[in-house]
Amino acid sequence: MEPIIDFENIYVSYGQYTALHGINLKIFPGENWVILGANGSGKSTLLKLFSNDLYPNASYTFQKKIFGKERWDIFELKKLLGIVTNDLQNKFEQRSPLATALDVVLSGYHSSLGIFKHHSFSGEEIKAAYQTMEFLNILQIKNKKVCEMSTGQLRRCIAGRSLIHNPHIFVLDEPTSGLDIKARTDFIKTIQKISKTKSIILITHDVSEIIPEISHAALMLNGTIYSSGKIDEVLTSGNLSRVFNANIKISRSDGKYFATCE
Ligand SMILES: Nc1ncnc2c1ncn2[C@@H]1O[C@H](COP(=O)(O)OP(=O)(O)OP(=O)(O)O)[C@@H](O)[C@H]1O
Ligand SMILES: [Mg+2]
């Protein structure tokens with residue numbers, strides 16, 4: 001079986017600063033991953049490699065295949081990936097405050113930050129948007145504007161935007177930041193439902209966000225992947241203590257993870 005993500009020896013630099021060092025990562029169909037690491041360890045930079053928003057440093061010999069291909073039309077690639085990030089949410093707040101919930105979801109068809117005059121949608125596309133909004137429990141706010149939404153409501157609209165074209169992988173970068181306990185619990189349940197039909201890549205520094213459907217983990221440390229593989233083998237107290245530079249104890253109960261830090 002061919003991996004959907006196949007990275008070997010990837011370095012990524014922002015100008016003179018190298019943020020990722022020799023990344024090796026293979027993700028196969030049917031796997032759900034969590035990528036954990038401390039602030040600044042390189043998680044969001046890794047995500048930008050998935051979406052071709054960043055490219056590997058060409059000074060190093062590397063391999064970078066996504067769905068088996070080295071070269072992608074960015075628009076085609078974005079159709080296969082559903083990405084939810086706070087960056088995207090912030091961009092909508094800043095640049096499209098008057099877009100409605102329905103506009104945000106429909107904008108997924110054009111990978112745009114809202115709907116523009118030259119955009120048109122078929123009856124099928126609008127029907128799919130309504131279905132996605134129903135699934136995410138946001139149909140009742142379809143006419144609400146971005147500037148009038150709570151963080152949790154806009155997060156669901158962004159999720160709708162990334163699910164509308166039925167992507168193969170759903171990638172979430174700290175999806176519950178800024179959500180209250182109810183919105184957080186509901187959103188995690190939604191991720192759980194989505195994981196039944198798509199591969200999930202969840203980026204977080206909070207082990208309590210890890211749903212039982214997650215099968216694999218990668219721990220990042222200072223721009224490297226410190227440990228990766230089956231979640232039970234990777235998510236140990238020793239490994240977490242090393243990557244978070246603290247005395248961490250992790251336990252598992254009912255499929256959920258709990259961590260304490262001394
Ligand atoms: N646009 C940029 N220009 C320069 N340096 C950057 C840029 N974006 C990130 N970095 C640096 O790259 C490193 C990795 O950042 P990244 O955002 O990938 O970390 P992260 O693991 O996602 O952190 P967090 O948990 O805080 O979101 C950090 O040292 C950061 O300062
Ligand atoms: Mg980040």
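Leaving aside neighbours within four places in sequence, Met1 is in contact with Phe28 and Pro29, where two residues are in contact if their C-beta atoms, placed from the backbone, lie within 7 Å. Met1 and Pro29 are 28 residues apart in sequence, and their C-alpha atoms are 8.0 Å apart in space. Met1 belongs to the segment before strand 1; helices (H or I, at least four residues) and strands (E, at least two) are DSSP runs, numbered from the N terminus. With 6 C-beta neighbours inside 10 Å, Met1 counts as exposed. For this label, a residue is buried if 20 or more other C-beta atoms lie within 10 Å of its own, exposed if 12 or fewer, and partly exposed in between, with C-beta atoms placed from the backbone.

The model is predicted, and local features need pLDDT of at least 70, side-chain atom pairs count only at pLDDT 80 or more, and totals for chains, interfaces and linings use all residues. Residues are numbered from 1 along each chain as its sequence is written, while chains are lettered from A and ligands numbered from 1 in the order in which they are written.

Turning to the sheets, strands pair through backbone hydrogen bonds, either parallel or antiparallel. Here, two strands are taken to pair if DSSP finds at least two bridges between them. Three strands form an open sheet in the order 2-1-4, with antiparallel pairing. Strand 2 and strand 4 (63–66) stand at its edges with a single partner strand each, so one side of each has no neighbour in the sheet. From one strand to the next, the twist averages 35°; axes are lines fitted to C-alpha atoms, for helices over the stretch in contact, and angles run from 0 to 180 degrees between N-to-C directions. Four bridges pair strand 1 (residues 5–14) with strand 4 in the antiparallel sense, and Glu8 has Gln63 in strand 4 as its bridge partner.

Another open sheet is formed by six strands in the order 5-6-7-3-8-9, and its pairing is mixed. At the edges of this sheet stand strand 5 and strand 9 (224–230), each with a single partner strand, so one side of each is left without a neighbour in the sheet. Its neighbouring strands are turned by 15° against each other on average, direction ignored. Strand 6 and strand 7 (residues 199–204) are joined in the parallel sense over five bridges, and Leu172 stands opposite Leu202 in strand 7. Helix 9 (residues 237–244) lies across strand 3 (33–37), strand 8 (216–221) and strand 9, and runs at about 35° to strand 8.

Most residues other than glycine have a negative phi. In the loop between strand 6 and helix 7, Glu174 has a positive phi near 45°; this residue counts as partly exposed, with 17 C-beta neighbours inside 10 Å. Asn222, in the loop between strand 8 and strand 9, also has a positive phi, of about 45°, and is partly exposed with 14 other C-beta atoms within 10 Å. Asp254 takes a positive phi near 55° in the hairpin of strand 10 and strand 11, which has two residues between the strands. Strand 10 (residues 248–253) and strand 11 (residues 256–261) run antiparallel and are joined by six bridges, with Arg252 opposite Tyr257 in strand 11.

Helix 6 (residues 151–163) has 13 residues and reaches 18 Å from its first C-alpha to its last, close to the 18 Å expected at 1.5 Å a residue; the expected span is 1.5 Å times one less than the number of residues. Of its 13 residues, 10 are buried, so helix 6 is largely enclosed by the rest of the structure. Among these buried residues are Leu154, Cys157, Ile158 and Leu163, as well as Arg155, Arg156 and Arg161. The buried residues of helix 6 pack against elements including strand 5 (81–84), helix 3 (86–95), helix 5 (123–135) and helix 7 (181–194).

Finally, ligand 1 is surrounded by Tyr14, Tyr17, Ala19, Gly37, Asn39, Gly40, Ser41, Gly42, Lys43, Ser44, Thr45 and His205, a residue being near a molecule if its C-beta atom, placed from the backbone, lies within 6 Å of it. Strand 2 (17–27) and helix 1 (43–50) each supply at least two residues of this shell, and helix 1 gives the most, with three. By class, the shell has three nonpolar, eight polar and one charged residues, where Ala, Val, Leu, Ile, Met, Phe, Trp, Tyr, Cys and Pro count as nonpolar, Asp, Glu, Lys and Arg as charged, and the others, Gly among them, as polar.
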